[in-house]
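Keep the viewer open while you read.

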Amino acid sequence: MAVETTARAKVRWGLLDVLVVVFAMVPVLWIASLSFKTPATLTDGKFIPREWTLDNYRTIFETDQFVRALVNSIGIALIATLIAVVLGAMAAYAISRLDFPGKRLLVGVSLLIAMFPQVSLVSPLFEIERQLKIFDTWPGLILPYITFALPLAIYTLSAFFKQIPWDLEKAAKMDGATQAQAFRRVIAPLAAPGLFTTAILVFIFCWNDFLFAISLTSTERSRTVPAALSFFTGASQFEDPTGAICAAAVVITVPIILFVLFFQRRIVSGLTSGAVKG
Amino acid sequence: MSINATPTGADVAADETSGSTGQRATVPTQRGSRRKSPLSENKKAERKLGLLLCAPAALVMVAVTAYPIIYSFWLSLQRYDLRFPDQREFIGLENYVTVLSNEFWWTAFGVTTLITVVTVAVELVLGMGLAIIMHRTLVGRGLVRTSALIPYGIVTVVAAFSWRYAWTPGTGYLADLFSDGAPLTERASALAIIMLAEIWKTTPFMALLLMAGLALVPEDLLKAASTDGATAWQKFTKVMLPVMKPAILVALLFRTLDAFRVFDNIFVLTAGGNETSSVSMLAYNNLLRGLNLGIGSTMSVLIFITVAIIAFVFVKLFGTAAPGSDDSERR
């Protein structure tokens, strides 16, 4: 084995690595490339722009449509993430630490929801939200996002919680802290990295959603960027929106790329522990 | 749920019968009472706290899924078109007859099944390769893992636009790959592109799940196999695959159900033209283009039932262990 771990093996792995990187990056680079092209060179089919411009970005930030959608996206995703992580943490703590009736039912239900066909909820939610007057509002999107993010949060967090040395909590309780105090003062700080990882995963999930975003909104009031993109017509009606769409696409991709760059290790561990180890 | 029995399963059930309903347990909050107090006191407090902590999450999940799906079933039994709200009436299973005897439904169902089967099969192979690369690579492991996460994280709609422009004649770098015009406007090539987009986007997720399975393969076992003269392929099929089986099944289950929901890519790439609609696309169109709540809900219910059947088959026939159901107590 050790002999094989030589230059040749390294080259072979290196080539495979390059293949993976190219496979992953090409569509991203392509849309970035389009976003920097001038209208004249937009249709030349070249992978690298011949003339670079920032006009597309200027255009989208001048239109109210995109800025509004960006604000909606950020606001809705952040609020949904915050609530889902708090509720998920409470449930995950109980699941990983406490003994109570109905625990396995809860785990089963959240598993079912993780696999739930979201389109099955579009018709009833559309009608329910119209009746409750939350159709086309922030809460109208936040609620379904929380629901579908909760299973992810619960699984990931209970995996994290199980890795925490709980003797510390016992010690705190022996010193007279209540269970709640022990949780807040001792466990929560230790769980912070797990909470953070979960928050990133949940945020990515909410940021990504398209089906609910186009089904449960009808105006700019609450439409998020992915939904707005598919209705984007450019600054004026007669303009080809390709450049603008690409610029908008790049803007909502940047946060994800940053997350992935900085927190790669955590995202991987969060996904794998949450999904397989339960 | 009761997919796998856990060692504590019996205890939980016993606790349930012994009555969590009656007593409002007097929570012992004063210091000192904790260690000495009878076990049952502590148990009650623990139980109460457990239920309390889970209640909000459980409430939200039930309110936003269980209630709407029941409501959806109720709507599916009615003629209910928002353009003609006066004609709303109870019509029993008539909507089901309409949908199930409609060729658009079956075309969409066929497209969805095709996309699901092909993408999941390809992703399993590619994902396994990618998982092994991410797990074993000698150089640039961080770089590989980071790039593999990008398709997972990127917004599906953005990726779909990227593929759409890549295949648009004149604009895209791929459009001239096959000489005959616009690939997105022909059914076969459009479906192939939709699948390509799906595979690109979700292979990394599959790979990550499989990588978690790979991590469970004991290194000693592989070494022993090597000593016994096993080839790389033999090691893979005889040692790695059996150990990874649970992880593979979970990954397959998740990806199958996920693939069955395919929507975003189709919406952007073809908008369902040329018979490339998936069932999700069709349900969406009936609801938001047609404003037909009755038919839309019927489709919702049918999709839900299909997904339930797929999940059931995986769990019962293949013995997929539901994540979280089996080892919640073990560690």
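## Chain A at a glance

Chain A of this predicted model has 11 helices and 0 strands. Read from the N terminus, its elements simply go α-α-α-α-α-α-α-α-α-α-α.

## Annotated spans in chain A

UniProt, in an unreviewed entry, puts the label "transmembrane region" on residues 12-32, 74-93, 105-126, 138-161, 182-205 and 242-263 of chain A. How do two of these look in the model? Residues 12-32 of chain A are 100% helix and 0% strand, with 30 Å between the end C-alpha atoms. Residues 74-93 of chain A also come out at 100% helix and 0% strand, and here the end C-alpha atoms sit 28 Å apart.

## Annotated spans in chain B

Residues 291-315 of chain B are 92% helix and 0% strand, with the end C-alpha atoms 36 Å apart.

## A bent helix in chain B

Now look at H10 of chain B, residues 232-260. With 29 residues, a straight helix at 1.5 Å a residue would reach 42 Å, but the end C-alpha atoms of H10(B) are only 34 Å apart. Where does H10(B) bend? The spot is B:Lys245, where the bend is about 60°, and the proline B:Pro246 follows within four residues.

## Where the chains meet

One helix pair links the two chains: H5 (residues 119-131) of chain A and H12 (residues 279-289) of chain B have axes that come within 9 Å and cross at roughly 10°. Because angles under 35 degrees count as roughly parallel, H5(A) is roughly parallel to H12(B).

On the H5(A) side, the contact involves A:Val119, A:Val122, A:Ser123 and A:Phe126; they meet B:Ser280, B:Ala283, B:Leu287 and B:Leu288 of H12(B). By type, the residues of this contact split into 6 nonpolar, 2 polar and no charged.

Methods
Residues are numbered from 1 along each chain as its sequence is written. Chains are lettered from A and ligands numbered from 1 in the order in which they are written. This is a predicted model: local features need pLDDT of at least 70, side-chain atom pairs count only at pLDDT 80 or more; totals for chains, interfaces and linings use all residues. Side-chain values use heavy atoms; hydrogens and water are left out. The expected span of a helix is 1.5 Å times one less than its number of residues. The bend at a residue is the angle between axes fitted to the seven residues ending there and the seven starting there. Axes are lines fitted to C-alpha atoms, for helices over the stretch in contact, and angles run from 0 to 180 degrees between N-to-C directions. Angles under 35 degrees count as roughly parallel, over 145 as roughly antiparallel, 65 to 115 as roughly perpendicular and the rest as oblique. Contact means heavy atoms within 4.5 Å. Ala, Val, Leu, Ile, Met, Phe, Trp, Tyr, Cys and Pro count as nonpolar, Asp, Glu, Lys and Arg as charged, and the others, Gly among them, as polar. UniProt positions are given in the numbering used here, feature names are shortened, and annotations may be inferred rather than shown by experiment.
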